[in-house]
Amino acid sequence: MAAGIREKQTVALKRMLNFNVPPVKNSTGEPVWKVLIYDRFGQDIISPLLSVKELRDMGITLHLLLHSDRDPIPDVPAVYFVMPTEENIDRMCQDLRNQLYESYYLNFISAISRSKLEDIANAAIGANAVAQVAKVFDQYLNFITLEDDMFVLCNQNKELVSYRAINRPDITDTEMETIMDTIVDSLFCFFVTLGAIPIIRCSRGTAAEMVAVKLDKKLRENLRDARNSLFTGDTLGAGQFSFQRPLLVLVDRNIDLATPLHHTWTYQALVHDVLDFHLNRVNLEESTGTEGTPAGARPKKKNKKSYDLTASDKFWQKHKGSPFPEVAESVQQELESYRAQEDEVKRLKSIMGIEGEDEGAISMLSDNTAKLTSAVSSLPELLEKKRLIDLHTNVATAVLEHIKTRKLDVYFEYEEKIMSKSTLDKSLLDMISDPDAGTPEDKMRLFLIYYISSSQAPSEIDLDQYKKALMDAGCNLAPLSYIKQWKAFTKMASAPTSYGNSTPKPLGLFSRVMNTGSQFVMEGVKNLVLKQQNLPVTRILDNLMEMKSNPETDDYRYFDPKMLRGSDSSVPRNKNPFQEAIVFVVGGGNYIEYQNLIDYIKGKQGKHVLYGCSELFNATQFIKQVGTFNSNSVILITVITNYDFRDWFLTSLYGFLSL
């Protein structure tokens, strides 16, 4: 891929901040100083992509929230970047009336309606500020890019497009339409920014199909209006994807509920699972030391520290997909390398007489001047390296603490064996009953994975035993009620999901420390080596991208927005394998699936894949959503893939309910 989605969205933002004119490269002149006004949506889009320093380089002296109290700055232009909501439009009109800024560059994250545009025009006329409204742009940037190959639809109000919102039993048609329209609007913005029109494939009878139908219609309508199409001219210039169009695979979260619950073993996914990590920022609570608090004194507050894990962090980019033990070892190696460089600088300073005036130092002065000059010039790089080492030492130490106290290595290995149908070396009941292994939530996640992965549900007697053990361990059984009903429906619709047949290979336990002087005491933690196995989402992508015939995907619908007429066909017109693909999960995604896709595509030379989801959740957030369903409700999950069977099933169900 010539340019990833992160680069494309960053370029679009920089152009917007430069008054919608492409910035001049290598410009020596000072930028035009300006203020940036955004809402929470705009803040979430910008923060993973542009640092405060980069904003300053673009001439942004202040960046303020739209609904905060702002003082007038009458001689400075203002760049707005907001969603076109009623509340935001009202506040912008108020700014015009109050004459807060010299000029106004209005940028909307998503397309603004004509009626709202008229409201702004009327406010500008009423405030005698028409000449000050310099530009009004629809930016089509309504999505958040987290990686070169990963995006998520929203962070604010994400409960409106959450798994629970889509699957709750009492949802009305109007509410479902609103959710689907929200998702489609963001996906449309994504493809406008990408500058590509995809071939769309989706499963039948799911929320993903509803998204596909609406997205196909929206793309088709935009292409039909040649004068105003967003997919002509500069947007489809050189350097886009490739000459071949990309494949968009829309999948429903209900095809695989085990993976979001799975304990993981790779760095990025672990950070997301056990720490407070969102929008590429991790928040840690720093320990205040071991000294006790005096009797009767108020306990000390823990210091909170935030770290940004960005594209410029080379260690993060290299190791985010690595198994955790490799990460711990790499941090230690980086630390030793830094210390060696630091010692070399100190040695040169000593030789050159900075720490004394001996004749040997003076005679060696000329030989070592060049070395010292080189060492001094590398100091900024050395300091940055030290900062990153400290960052990852702190983050990895926090992750390790969770691994050791909750025995996450044991859970990961055990769940992998369950999902791959391997022989278990310890009974599930013993795992649940072990008071030293994991939190109640860990035990619940383990049991739900067992329940989902079993081809045959446990008998009522066995289930009662498991329930008692879970309750004794302090587990909330609400998620199980939902999963039981979900399992019953999916069993009627299709065969159980397969998770491959390979398990992680244990290399024994770590010694007390990995090596002399290591920061990480890994005693008792298993050194597990991951084996590549395709998760359901990856397997679906492989079938569709490589044009393989497989019962799992043969019935997937096919949409081509460039075709004059849409069709209900499952037969692809394009018979060649795809080079580029976007996988989008309706109902929420996770870093485990993302990493699995990245590992899969590494073995496919010249091919590229992007991963997107309606929301990004970890297991804690997902299990909370699943646990909020009313256990007394009949849950109509959209996973039935055969229309005739679905009609028969719904007729039978309504007949049963009327009894």
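Which residue in β12 is the bridge partner of N283? The bridge partner of N283 in β12 is S306. This is a predicted model, in which local features need pLDDT of at least 70 and side-chain atom pairs count only at pLDDT 80 or more, while totals for chains, interfaces and linings use all residues. Residues are numbered from 1 along each chain as its sequence is written, and side-chain values use heavy atoms, with hydrogens and water left out.

Helices (H or I, at least four residues) and strands (E, at least two) are DSSP runs numbered from the N terminus, and two strands count as paired if DSSP finds at least two bridges between them.

**Strand pairs**

Strands of a sheet pair through backbone hydrogen bonds, either parallel or antiparallel.

| Pair | Sense | Bridges | Example partners |
|---|---|---|---|
| β8 (residues 199-202) and β9 (residues 247-252) | parallel | four | I200 and L248 |
| β10 (residues 276-278) and β11 (residues 281-286) | antiparallel | three | D276 and N283 |
| β11 and β12 (residues 303-308) | antiparallel | six | N283 and S306 |

**The seven-stranded sheet**

The pair β8 and β9 belongs to an open sheet of seven strands, whose order is β6-β7-β17-β16-β9-β8-β15 and whose pairing is mixed. Its edge strands are β6 (144-147) and β15 (557-559), each of which pairs on one side only, and the twist averages 20 degrees from one strand to the next. Helix α20 (residues 536-545) lies across β8, β9, β16 (580-586) and β17 (608-613), running at about 145 degrees to β9; here axes are lines fitted to C-alpha atoms, for helices over the stretch in contact, and angles run from 0 to 180 degrees between N-to-C directions.

**A helix pair**

Helix α4 (residues 86-98) packs against helix α5 (residues 114-126) at an angle of about 15 degrees, with the axes 9 Å apart. The two helices are therefore roughly parallel to each other, a term for angles under 35 degrees. On the α4 side E86, I89, C93, L96 and R97 meet K116, D119, I120, A123 and A124 of α5, where contact means heavy atoms within 4.5 Å. By class, this contact has six nonpolar, no polar and four charged residues; Ala, Val, Leu, Ile, Met, Phe, Trp, Tyr, Cys and Pro count as nonpolar, Asp, Glu, Lys and Arg as charged, and the others, Gly among them, as polar.

Conventions:
Parallel < 35°, antiparallel > 145°, perpendicular 65-115°, else oblique.
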